[in-house]
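Me: Please take a close look at the sheet in this model. Then follow the aromatic rings.

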Amino acid sequence: MEKNMLILFGSPRKNGFTMQLLRVFLQQWQQEYPDTKITFFYAYEEAVAPCTACGYCQQKLGCCIGDYEKFDRLYRGADFVVVASPVYGLSFPAPLKAVFDRTQQYYEARFSHHLKRFIQKPKIAFFLSSYGSQDTRGIDIMLQQLELIFTVMHTKLCGTAAIGNTDKLPFEMDKAYEVTARLLANYHNL
C-alpha cells in the first residue's frame, strides 16, 4: 500500500548540506519503502505569511489567511513528515518558522473548540538538520519546538539526524549515512 511522505524543506539552498543529508535519508528510506509517494513543501518558495495573532482561529476553525491551505491539505494527507532544516540562530529559518507559527489554528481547534483530533490521520515525523558550528543547542531547541507543535497535529516525532560543523568541514557522507541509519533504526523500534 502506498504511503505519503511530506518533506517540509526549510533551507534556501536546494543543494546545500541539509539537502545532501535529506538525499541520504531518502535513499535509505526508498530502499526499504519503495512505494512511498514523496511530496516537497519548500518553505522559501511557498512564502507562508506569519501568524498575526488576529484571534480568528479562536472564533472559527482554520485561519483567515488563505496561503496555508496547501500546507494543511498536504499535511493532512501525509503518513510521514520529514522536517529538513538548517539551524539559524538556534532555531528554524524564518519561512519555516512562519509555517510552524501558523499551527496556532490547530492549538485553537483543540483548546478553544475542544476538538481532540482536528487532524485525524496519525503521522510519524523525522527531523533532519545541518548546522555550521559545533554547538548542538539549536538542535535541542528545534526538537523542543517540534515536540510541542506535533502534540496538536497527531504526529509522533521519531527522532533526529544532524550534521554539525559545516562551516569548517565538507559534507561527511559516512556521517550522514550513520546518523540517518540510526534514525531509521529508531523508526523500526517504535
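Reply: In this predicted model, 5 strands form an open sheet in the order E2-E1-E3-E4-E5, with parallel pairing. Strand E2 (36-42) and strand E5 (155-163) are the edges. Each has a single partner strand, so one side of each lacks a neighbour in the sheet. From one strand to the next, the twist averages 20°. Strand E1 (residues 3-9) runs parallel to E2, and 7 bridges join the two. Within that pairing, Ile-7 has Phe-40 of E2 as its bridge partner. Helix H8 (residues 173-188) packs on the sheet. H8 touches strand E3 (80-86), strand E4 (123-130) and E5, and its direction makes about 165° with that of E5.

Now the rings. The whole structure holds 19 aromatic pairs. One of them joins Tyr-68 and Tyr-106: the pair is tilted, with 6.4 Å centre to centre and 50° between the planes. Tyr-68 lies in the loop between helix H3 (56-59) and helix H4 (69-77), and Tyr-106 in helix H6 (residues 104-111), so the pair ties together parts 38 residues apart in sequence. Tyr-68 is buried, at 2% relative accessible area. Tyr-106 is buried too, at 0%. Phe-92 and Phe-100 make an edge-to-face pair, because their planes stand at 65°, with ring centres 4.9 Å apart. Both Phe-92 and Phe-100 are buried. Ring pairs also link Phe-25, Trp-29, Tyr-33, Phe-80, Phe-126 and Tyr-187 into a cluster.

Charges meet rings as well. Lys-14 has its charged end over the ring of Tyr-42, 4.1 Å from the centre. Arg-76 lies over the face of Phe-118, 4.6 Å from the ring centre.

Key: Residues numbered from 1 in each chain as written. Predicted model: local features only at pLDDT ≥ 70, side-chain atom pairs only at ≥ 80, totals over all residues. Heavy atoms only, no water. Pairing = 2+ DSSP bridges. Helix = DSSP H or I, 4+ residues; strand = E, 2+ residues; numbered from the N terminus. Axes fitted to C-alpha atoms, helices over the stretch in contact; angles between N-to-C directions. Contact = heavy atoms within 4.5 Å. Phe/Tyr/Trp six-rings, centres within 6.5 Å; stacked < 30°, edge-to-face > 60°. Buried < 20%, exposed > 50% of the residue type's maximum accessible area, 1.4 Å probe, protein only. Lys NZ or Arg CZ within 6 Å of the ring centre and 35° of its normal.
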